[in-house]
Amino acid sequence: MKPVKVAQGNVLRYNFTERLVHWTAALSYIYLLLSGLAFWTPWMWWVAMMLGGGPVSRAVHPWMGLIFTAAVVYMYRMWLPDMRITPTDLEWRKTIRAYVRNEEEEMHPLQAARGFDRFAPVDRFNLGQKYLFWLMFWAGLTLLATGLVLWFSDYLPWSLRWLRLLSAFLHPVAFLFTVGGFIIHVYMGTAVVRGGFSSVIRGEVSESWARYHHRLWLDRVTGASAAKK
Amino acid sequence: MAGKVLEIRAMSASSTPAPGIRSAPVVAKLIDTSACIGCKACEVACQEWNDLPPETTVQIGTYQTMPDTTPSFWNLIKFNEHETDDGAFHWLLRKDQCMHCADPGCLKACPAPGAIVQYNNGIVDFQQDNCIGCGYCIAGCPFNVPKMSRQTKKVYKCTLCVDRVSVGLEPACIKACPTNCLTFGTKEVLLQKAKSRVAQLQTAGFLDAAVYDPPGVSGTGVVSILAFGKNPEAYGLPKDPSVSFAVEIWKGPLKWIGNIAIVGGIIGTFVHYLRFGPKHVPEDDKAKQADAGR
């Protein structure tokens with residue numbers, strides 16, 4: 001892979017296409033989430049009023065769904081090599097409890113400076129990010145399939161009534177899974193992993209950030225060998 | 001009684017209990033299918049009273065007006081042909097319309113507040129101005145009743161002439177029926193009447209005659225007397241209709257599990273932040289400190 005160094009010791013983490021696709025998915029998902037919550041519970045019905053009323057939310061929701069699933073499918077094309085779960089990920093998984101508890105910070109400063117040596121090194125995405133991707137991918141496909149049935153439910157013959165019921169049931173189930181992933185993703189990307197949010201806006205991360213969080217990836221894109229560090 | 005208010009006993013997508021507290025006798029329509037002559041006066045009366053636009057009839061090889069009810073045709077006499085074991089031919093006429101279930105699957109499935117209501121007299125009514133056109137009621141109904149208009153993207157069905165009933169009149173179809181096949185009154189009285197008619201039919205040789213008031217939906221506001229009551233499918237009626245398991249789980253336990261998971265997830269991340277806080281990249285922190293000291 002060609003070096004992707006940008007200014008002042010920064011590394012390009014997400015190119016423009018990747019950022020655009022990410023935000024297409026993010027913004028369409030947020031619309032789907034808000035209008036979906038209004039349909040999910042009357043407690044959130046006021047959200048549908050904010051979005052232009054119930055019938056408008058109902059009319060726009062499926063189109064947004066098409067945009068979201070298109071973005072997710074494009075991500076699949078774009079990131080599949082980076083999203084495959086590797087044996088190193090399974091090593092990393094063993095220390096996930098320590099990762100969640102930020103225990104790397106309790107290490108001796110010298111040791112901590114070397115980043116994740118205590119954990120298995122991480123490539124472009126860590127296992128949590130990969131789980132999120134696969135969750136959104138499969139839930140997205142389920143939401144698309146069931147959503148299409150619900151979108152055209154009045155065209156479905158009575159003999160296929162079971163399909164309508166199955167879709168009405170699976171659509172909110174898949175929705176709940178994505179909400180779980182979404183909450184953790186937004187929390188990790190903004191509050192916990194500082195630098196994560198700006199990386200998906202501006203595309204760049206500092207080299208030290210990359211070494212700390214994604215050492216295998218940094219070595220790969222800069223052409224450096226792990227031994228040199 | 002003039003000016004009597006119909007209160008709402010149940011309302012779709014309501015986060016609080018429905019406001020109705022007054023008791024009212026539950027009304028019903030009794031259809032003695034054995035007395036139906038297929039004259040379709042009820043179809044015409046329904047269209048006229050409700051000012052529904054004329055619907056194109058479709059020839060399907062029987063005397064039936066069209067294959068199915070539509071958004072602007074709420075009451076259809078179905079001409080089912082039935083052959084008994086002894087080779088005799090019967091026309092099983094059925095009045096296809098909203099059954100006004102005591103436990104309405106449409107109302108349970110509906111996500112739009114107030115789009116489907118059940119009055120204290122048992123009538124289930126769609127409020128099209130609150131309808132968002134999602135079609136979940138179509139999934140929730142065990143009788144294939146709600147029909148979506150392609151023009152307005154709203155669902156329509158029989159109102160049991162709630163506008164007439166609320167001022168003490170009987171529904172238009174009942175008024176028009178020439179054979180007393182249709183009667184209207186309190187459900188209690190009509191069920192007694194139905195029982196004696198079933199006994200009469202059994203004496204006349206229809207041993208399977210029965211009242212169709214399915215318990216799976218806690219009974220219906222439209223009760224039928226079927227001469228071949230053991231075989232409601234022959235009339236195009238489901239044998240044991242109920243609000244689907246999928247709807248019950250989705251609107252029951254799943255809703256609570258989901259709400260707890262969503263709120264729990266948000267609280268969980270907040271507590272995690274209080275306990276563990278952000279992750280720091282040591283070198284970046286040093287650089288920041290250096291910047292600040294400069």
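What percentage of the 294 residues of chain B count as buried? Select chain B to begin: the share is 41%. The model is predicted, and every value quoted on this tour is computed from it.

**Stop 1: chain B as a whole**

With chain B still selected, orient the view along its principal axes; the C-alpha atoms fill a box of roughly 105 × 50 × 40 Å. The radius of gyration of chain B is 26 Å, whereas a compact globule of 294 residues would have a value near 19 Å. Colouring by secondary structure displays 9 helices and 11 strands in chain B. Among contacts in this chain between residues at least 6 apart in sequence, 62% join residues at least 24 apart.

**Stop 2: strand E11 of chain B**

Next, select residues 222-226 of chain B, which form strand E11. Of its 5 residues, 5 are buried, so the strand is largely enclosed by the rest of the structure. In a regular strand the side chains alternate between the two faces of the sheet. In E11(B), Val222(B), Ser224(B) and Leu226(B) lie on one side, Val223(B) and Ile225(B) lie on the other, and both faces are covered.

Strand E2 (residues 27-32) of chain B runs parallel to E11(B), with 4 bridges between them; Leu30(B) has Val223(B) as its bridge partner. Strand E10 (residues 210-212) of chain B pairs with E11(B) in the antiparallel sense over 3 bridges, and here Val211(B) stands opposite Ile225(B).

**Stop 3: the contact between chains A and B**

Display both chains. In this contact, 38 residues of chain A meet 40 residues of chain B. On the chain A side, H3, helix H6 (109-113), helix H8 (161-192) and helix H10 (207-213) each supply at least two residues. The largest share, 14 residues, comes from H8(A). Colouring the side of chain A that touches chain B by residue class gives 25 nonpolar, 7 polar and 6 charged residues.

**Stop 4: helix H3 of chain A**

Finally, select residues 54-83 of chain A, which form helix H3. A straight helix of 30 residues would span 44 Å, but H3(A) spans only 38 Å between its end C-alpha atoms. Where does H3(A) bend, and by about how much? Centre on Arg77(A): the bend there is about 50°, and Pro81(A) follows within four residues.

The buried residues of H3(A) include Gly54(A), His61(A), Phe68(A), Val72(A) and Met75(A). To see what surrounds the buried residues of H3(A), show helix H1 (16-40), helix H2 (45-50) and helix H7 (127-151) of chain A, against which they pack.

Notes. Residues are numbered from 1 along each chain as its sequence is written. Chains are lettered from A and ligands numbered from 1 in the order in which they are written. This is a predicted model: local features need pLDDT of at least 70, side-chain atom pairs count only at pLDDT 80 or more; totals for chains, interfaces and linings use all residues. The expected span of a helix is 1.5 Å times one less than its number of residues. The bend at a residue is the angle between axes fitted to the seven residues ending there and the seven starting there. A residue is buried if 20 or more other C-beta atoms lie within 10 Å of its own, exposed if 12 or fewer, and partly exposed in between; C-beta atoms are placed from the backbone. Two residues are in contact if their C-beta atoms, placed from the backbone, lie within 7 Å. Ala, Val, Leu, Ile, Met, Phe, Trp, Tyr, Cys and Pro count as nonpolar, Asp, Glu, Lys and Arg as charged, and the others, Gly among them, as polar. Two strands pair if DSSP finds at least two bridges between them. The radius of gyration is taken over C-alpha atoms; the globule rule is 2.2 Å times the number of residues to the power 0.38.
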